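Q: I would like to learn how to read a ligand site and an annotated active site. Could we go through one case step by step?

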Amino acid sequence: MNHNISSVLTSQRSFFKEGKTKEVTLRIEKLKLLKSVIEEHESEICEALFQDFKKPEFESVLSETAFIISELDYIIKKLKGWSKPKKVSSSLINFPSSDYIYSEPYGACLIIAPWNYPFQLAISPLMGAIAAGNTVVLKPSELAPNTSQILADILAKVFPTEIVAIVQGGVPVSEALLEEKWDYVFFTGSVPVGKIVAKAIAPHLTPSTLELGGKNPCIIHKSAKVQLAAKRIVWGKFLNGGQTCIAPDYILVDSPIKKEFIDAVQKEITAAYGINPKESPDYARIINEKNFDRLAEMLEGENCQIGGETNREKLYIAPTLIDEPKLTSKVMEDEIFGPILPVLSFSSEENMADIIANYSKPLALYVFSEDKSFSEKILKSYSFGGGAINDVVIQIVNKNLPFGGVGTSGNGAYHGKHSFDTFSHKKSISKRGTWLDVPLRYAPYGDKVSLI
Ligand code: NAD
């Protein structure tokens, strides 16, 4: 396997050296082909996602295929403009000169993807890397094998392996890939594995983007429209079976409206998934036994006000709400990454801040409030990757918004032009005129200091 990886990388490097990926027309042509192959195979992609974790077709189209196709359209439309050297105003001290930023590809990129949005989170960084003129080795997650296979089939139809190669497998394959020297590494996954990746690439000082996770707070102020808040939260929390990196992890609700909120959540769960969500075709399953066991353990001894039902054989965990878990309990220890929603009430802003302070900077933070000064205060008070006021998750769909974490939830960002920028080195160039040479900077300096 190691030998294979090295030879793929060698062939990508020599292809890159030939300069072909720097031709914008080739990049656009490949991205257009990628779009049409995805469109052609959309139903098979949805079927693979269903096989992997019973992801409902609507959610697959919304969050995987349509998401990617819309981003591809945007990149294809804008790429010529982005790729041109960007003229910036020059510094007077360099007169005469005209100054430019050249966007140039890094070279050979490694992309390691997770299983939870196994199509989107593999293809989205890949198209950014290709748009910027790089070559890519992609390692999708072994935990979504059907989607990994369809990814391999699609990419083989679009790219020769000198431009994009897909390497399937688990941890040993990932480790072997990380032994190589890359020009850029883009990793999406958990914080512990993010640290392993950062350590592995440190000896080469390889630039990277790390898209990780965290415990995302969702604050509900007493001024919030409670029923609407519950409706939006139920959608964003239980989408994809709760396995979404930017889903609200836990609720912090103003004490006086807690009961109203819990009742509203119950009503919205029933409206979305019926009395028995197990029978609902719109509710995904947990990816595997290991994650099921991890989540089932979080329910032990907790006060499940809603849901709590589990079925290991079917990898089913009901949409669940836990009322007031202890901060020392399993469910409040780590990122949940499943359909379990802890609700904690706060009696004052200090009390709320004390709870948030227990956790590292999250990937997302949400606040529901009709009081603008409260929401603005929250935005200013906390550091987090991104978020929304009066909604959850939806910030991800705007291509103009960079998507990424901060602190332990990651570094770097992508989507839209940010993807192109992430995978481009920005080369700064001053083009000096020779018709004039201002003598100020040259020695002997004499008393020139007063002229600066
Ligand atoms: P993971 O970290 O277990 O795996 C991610 C990838 O890393 C997989 O391809 C896996 O094969 C590989 N990997 C696993 N162990 C490895 C090791 N020891 N050495 C090298 N490679 C290894 O993550 P996951 O379970 O697939 O995904 C869930 C996590 O990802 C959650 O923490 C979630 O918050 C995070 N996530 C973040 C984003 C984001 O955009 N920030 C998006 C989705 C998921």
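**Reading the ligand shell and the active site**

A: By class, the shell around the ligand holds 12 nonpolar, 10 polar and five charged residues. This is a predicted model.

Q: How many residues surround the ligand, and which are the closest?

A: The shell has 27 residues, and the closest are Pro114, Ser174, Gly189, Val193 and Gly213. Helix H7 (171-179) and helix H8 (191-201) each supply at least two residues of this shell. The largest share, three residues, comes from H7.

Q: Where does UniProt place the feature "active site"?

A: The unreviewed UniProt entry places it at Glu211 and Cys245. They are spread over 35 residues of sequence, yet they cluster in space, with a largest C-alpha distance of 9.4 Å.

Q: Is Glu211 buried or exposed?

A: A residue is buried if 20 or more other C-beta atoms lie within 10 Å of its own. Glu211 has 26 and is therefore buried. Glu211 lies in strand S7 (residues 208-211). Leaving aside neighbours within four places in sequence, Glu211 is in contact with Phe187, Thr188, Gly404, Gly405 and Gly410.

Q: And Cys245, buried or exposed?

A: Cys245 has 29 C-beta neighbours inside 10 Å, so it counts as buried. Cys245 sits in the loop between helix H9 (226-238) and strand S9 (250-254). Not counting residues up to four places away in sequence, Cys245 touches Asn116, Gly213 and Leu363.

Technical notes: Residues numbered from 1 in each chain as written. Predicted model: local features only at pLDDT ≥ 70, side-chain atom pairs only at ≥ 80, totals over all residues. UniProt positions renumbered as here; feature names shortened; annotations may be inferred. Helix = DSSP H or I, 4+ residues; strand = E, 2+ residues; numbered from the N terminus. Buried ≥ 20, exposed ≤ 12 C-beta atoms within 10 Å, placed from the backbone. Contact = placed C-beta atoms within 7 Å. Near = placed C-beta within 6 Å. Nonpolar A, V, L, I, M, F, W, Y, C, P; charged D, E, K, R; others polar.
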